[in-house]
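Here are my notes on the model, as numbered points.

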Amino acid sequence: MEPASIIVSIRNVTKSYRRGSQILPILQDISLDIAESEFLALMGPSGSGKSTLLNLIAGLDHADSGSILVGGVDITTLTESELARWRAAHVGFIFQFYNLIPVLTAFENVELPLLLTGLSKRERREHVETAIELVRLEDRMDHYPSQLSGGQQQRVAIARAVVTDPTLLVADEPTGDLDRVSAEDVLQLMERLSRDMGKTVIMVTHDPRAAKKAGCLKFLDKGELLDASQDASAECVPA
Amino acid sequence: MLLRMLLRNAFRHKLRTGLTICGLAVAILAFGLLRTVIDAWYAGVAASAANRLVTRNSISLVFSLPLSYREKIRTVSGVRVVSWGNWFGGVYIDEKNFFANFAVEPKTYLEMYPEYILPPDQERDFFRDRKACVAGVKLARRFGWKIGDIVTLKGTIFPGNWEFVLRGIYRGRDRAVDETTFFFHWDYLNESLKKTAPSRADKVGFYMIEIAEPDLAAQTSQSIDALFKNSYAETLTETEKAFQLGFVSMSEAILLAIQLISFVVIFIILAVVANTMAMSVRERMGEYAVFKTLGFTWRTVAVMILGESLIITALGGALGILVTFPVAGAFADAVGAYFPIFNVTAETIYLDAASSVAVGILASIFPIWRAATVRIAEGLRRIG
């Protein structure tokens, strides 16, 4: 793999949590490279550390040791406020339970990340409309989350994730709360974002059907990458 | 968008927010009324003039002073006007109809109290008629008195039925002036006493003294008291304010208790609002984690929580202040005999508003700390 195409480079990352006097190791010496525009699925049993790894890559949590370079920036060295700014500019988030703000309309939810940019109101409106068109929810812009189906809410969440044009899209069980048809719809959308728009997508999932949509699959078990995944430069296992 | 979101968040649980606003309104109303009661207690002190002194018997106010002191007091340097009077303590029909009534020397008394506004014709009639009396407009309204009416007081300190003709109804120069006082000619009292109880005649309860230089009040007071040192009726002269404070200090423990209660009311509502905010923030911990995930800092989260808390307390405070006026009016009507001046002051409204804001800020501190310090991953786990 060409170094220029690597967008995420993880080296010897470990992470543990403290529960009382006990220290629980979650990730052990993880090294992993993710190429630009790749659609990577992270699979593994519950408690294997998938979501923790995703949180570390997205800058939501701090590693105990090791380095995580995203787009050439070692995010393990950033302070909380620097990380917040970095996330706002470079990462789009898609969650299992959509995590839309219930008191805001679909339009306002999508507009939310743009409030951190210097865009004018008119520019924000243009960006939001483009993102909402992308997820085909133009007729639902003024609806509140409670007035939308699960699949529609997840599409709003995807619009919110892409509205700032981030480098990286991270998705934690994006189809975990959806029926089969809606899940298929959401996965196709994510596939399009990676394939047609060049977004790097990292998705944690339990669902083998969801993993099949990804171009690349990595397995985690007990905090370790399995088999060929152990080697950071190893080729992806095709999904 | 932030303001829109604050308003929508504040009313997400309409019943909870509504009850909290009502609770705060009641607390602010209680706080305002209690402060007004305290102000009413100090009304006499507030209405005191810096250029007026009161001379009384140094042993106690119940002991009188000889009328002959007035000439000696007039000779003291800095004294402009000397007036005198007695607390009459008369009862109108029934003891429950209490109001303050004094026998005074009319001309000097009205000269010294320009805050009592009496129409010139009524003033003339009052001076001319020895049995004349003057009542405050609130007092006259309370008993339906009109000019020319005969008012009979039953004497408690000076026994007998005392008849007066109402020759004047005064108004206060401003809202701080007591409009429930009743006064009549000291000469009428004195001449009656000469006939019925000669030993009590030519004695006054107090001297009111107007001085030219308020800054020399202490010096003038000392000079007056020095005149009567080692006499059989030594005097105590003090400023009108100090004289009034002497009455208030008798109820100091009650006032302290009222003040304490007023702050306890605020403390209780602080706990209620803090509980409301803590519940709201606990329920929305996941949403705050989403905000932080998207790149908003803890400061934005803090502004959202503080803003919501302030919206609730501002609405409750405003409602409480609005209802304070009619309730205080009704309260004043009910207890007007004991609190002749019962005005909700601007200071009380400022205190109400400041208390509402303080409750809003204090109630949000702990929820802000919780929302600001929770790890994003931990907060996101609260969803679902």
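1. A search of the whole structure finds 29 salt bridges over all chains. This is a predicted model.

2. One of the salt bridges pairs B:R8 with A:E108, with 2.8 Å between the closest N and O atoms. B:R8 sits in helix α1 (residues 2–10) of chain B and A:E108 in helix α3 (residues 106–111) of chain A, so this pair joins two chains. B:R8 is partly exposed, at 23% relative accessibility. A:E108 is buried, at 6%.

3. A:R122 and A:E126 form a salt bridge at 2.7 Å, N to O. Both lie in helix α4 (residues 121–134) of chain A, four residues apart, or about one turn of the helix. A:R122 is exposed at 57% relative accessible area. A:E126 is partly exposed at 39%.

4. In chain B, B:R130 meets B:E191 in a salt bridge, the closest N and O atoms being 2.2 Å apart. B:R130 is in the loop between α6 (120–128) and β6 (132–136), and B:E191 is in helix α8 (residues 186–196), so the pair ties together parts 61 residues apart in sequence. Both residues are partly exposed: B:R130 at 39%, B:E191 at 33%.

5. A salt-bridge network links A:K15, A:D61 and B:R375.

6. Now the sheet. Chain A has an open sheet of four strands, ordered β2-β1-β4-β5, with antiparallel pairing. The edge strands are β2 (22–35) and β5 (73–74); each has a single partner strand, so one side of each is left without a neighbour in the sheet.

7. Strands β1 (residues 6–19) and β4 (residues 65–70) of chain A run antiparallel and are joined by five bridges. A:S9 has A:L69 in β4(A) as its bridge partner.

Methods. Residues numbered from 1 in each chain as written. Chains lettered and ligands numbered in written order. Predicted model: local features only at pLDDT ≥ 70, side-chain atom pairs only at ≥ 80, totals over all residues. Heavy atoms only, no water. Pairing = 2+ DSSP bridges. Salt bridge = Lys/Arg side-chain N within 4 Å of Asp/Glu carboxyl O. Buried < 20%, exposed > 50% of the residue type's maximum accessible area, 1.4 Å probe, protein only.
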